[in-house]
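Hello,

Here is the structure we talked about handing over. Please open it alongside this message; my notes on what turned up follow below.

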Amino acid sequence: MPMLELPSATLAWDARGDGPAVVLLPSGAHARSDYDALRDLLPGSVRTIALDWPAHGDSPPAPGPASAMSFADVAEQAVVRLAPEGAVVVGNSIGGFAAARLALRRPDLVRGLVLIDSGGFLARGPQVRAFCALMGRPRFLRRIYPAFSARYMRSRADADRAARERAIATTRDPAGLAAVAGLWASFSSPEHDLRAQAGAIAAPTLVLWGRRDPVIPVKVGRWLADAIPRAQLAELDTGHVPYTSDPEAVAAQLVPFLDAVLAAEAGAA
């Protein structure tokens with residue numbers, strides 16, 4: 001298993017296929033292996049690159065505290081190293097925030113953007129801020145996470161159940177628990193709010209959203225697809241992690257999007 005040494009973290013990662021890069025960024029508490037079923041459905045003519053966040057999966061903890069912004073920094077550093085020519089960047093939840101922020105900060109690195117039940121675009125009302133503050137407390141997070149993950153996963157497939165077990169295991173590990181709590185504590189910060197910048201995203205964008213997501217509801221996905229110029233929206237009958245619940249439905253949207261992005265680039269060359 002290769003390890004990637006970056007300025008701010010060391011990451012476990014792996015690649016499949018050969019061709020234009022597709023970088024896969026998972027949700028918080030989750031691992032790169034959550035994407036396995038989806039990767040099996042993607043053409044071998046693209047190179048899929050999946051990574052584990054710090055203190056997640058096979059990655060060691062980062063030296064500094066975890067936050068949404070530090071994870072976005074790690075994602076940017078990873079894409080610079082692994083896909084310097086640019087990539088289609090796919091992100092779920094915190095991965096979506098990191099992907100969107102990368103598209104805003106380094107549009108040269110994002111050939112296409114896929115936001116799956118993405119963070120960074122939810123209004124921060126009092127209830128949201130209070131819940132994020134509670135989830136930022138490690139003891140509370142550890143206690144509630146089994147029930148919370150059952151609610152947001154809406155598990156219906158073996159891949160869902162395996163992903164949920166891995167996420168719970170992350171919150172049982174002291175380093176993983178600290179990292180996930182750090183993420184939640186940062187979600188109410190102004191730096192995690194990209195709503196005012198959504199219209200500046202220039203990359204071709206596909207927005208995928210689970211209609212049964214109770215954490216970031218589908219109305220956020222609909223708003224986001226309207227806010228990003230020329231974005232496409234597809235709603236799926238899933239919870240917060242569609243690519244474990246219904247990888248076929250995700251692939252049915254993602255493969256044509258990849259084809260269109262790559263064909264447009266070839267035509268412009």
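**Overall picture**

Of the 269 residues of the protein, 54% count as buried. Keep in mind that this is a predicted model.

The radius of gyration is 17 Å. A compact globule with 269 residues would come out near 18 Å, so the value agrees with that. Along the principal axes, the C-alpha atoms fill a box of roughly 55 × 40 × 35 Å.

The protein has ten helices and eight strands. Eight strands make up an open sheet, with mixed pairing. The order is β1-β2-β4-β3-β5-β6-β7-β8. At the edges sit β1 (3-5) and β8 (232-236), each pairing on one side only. Neighbouring strands are turned against each other by 25° on average, direction ignored.

Strand β3 covers residues 21-25 and strand β4 residues 47-51. The two run parallel, joined by four bridges. As background, strands of a sheet pair through backbone hydrogen bonds, either parallel or antiparallel.

**Helices on the sheet**

Two helices to check here. Helix α3 (residues 94-105) lies across β3, β5 (87-93) and β6 (110-118). Its direction is at about 140° to β5. Helix α8 (residues 218-227) also packs on the sheet. Helix α8 touches β6, β7 (205-210) and β8, and its direction makes about 165° with that of β7.

**Helix against helix**

Now the pair α5 and α7. Helix α5 spans residues 138-153 and helix α7 residues 174-186. They pack at an angle of about 90°, with their axes 10 Å apart. Angles of 65 to 115 degrees count as roughly perpendicular, so α5 is roughly perpendicular to α7.

Which residues make the contact? From α5 come Pro138, Leu141, Arg142 and Phe148. From α7 come Leu177, Val180, Ala181 and Trp184. By class, the contact has seven nonpolar residues, no polar ones and one charged.

Best wishes

Definitions and conventions: Residues are numbered from 1 along each chain as its sequence is written. This is a predicted model: local features need pLDDT of at least 70, side-chain atom pairs count only at pLDDT 80 or more; totals for chains, interfaces and linings use all residues. Side-chain values use heavy atoms; hydrogens and water are left out. Two strands pair if DSSP finds at least two bridges between them. Axes are lines fitted to C-alpha atoms, for helices over the stretch in contact, and angles run from 0 to 180 degrees between N-to-C directions. Contact means heavy atoms within 4.5 Å. Angles under 35 degrees count as roughly parallel, over 145 as roughly antiparallel, 65 to 115 as roughly perpendicular and the rest as oblique. Ala, Val, Leu, Ile, Met, Phe, Trp, Tyr, Cys and Pro count as nonpolar, Asp, Glu, Lys and Arg as charged, and the others, Gly among them, as polar. The radius of gyration is taken over C-alpha atoms; the globule rule is 2.2 Å times the number of residues to the power 0.38. Buried means under 20% relative accessible area, exposed over 50%, partly exposed in between (1.4 Å probe, protein chains only).
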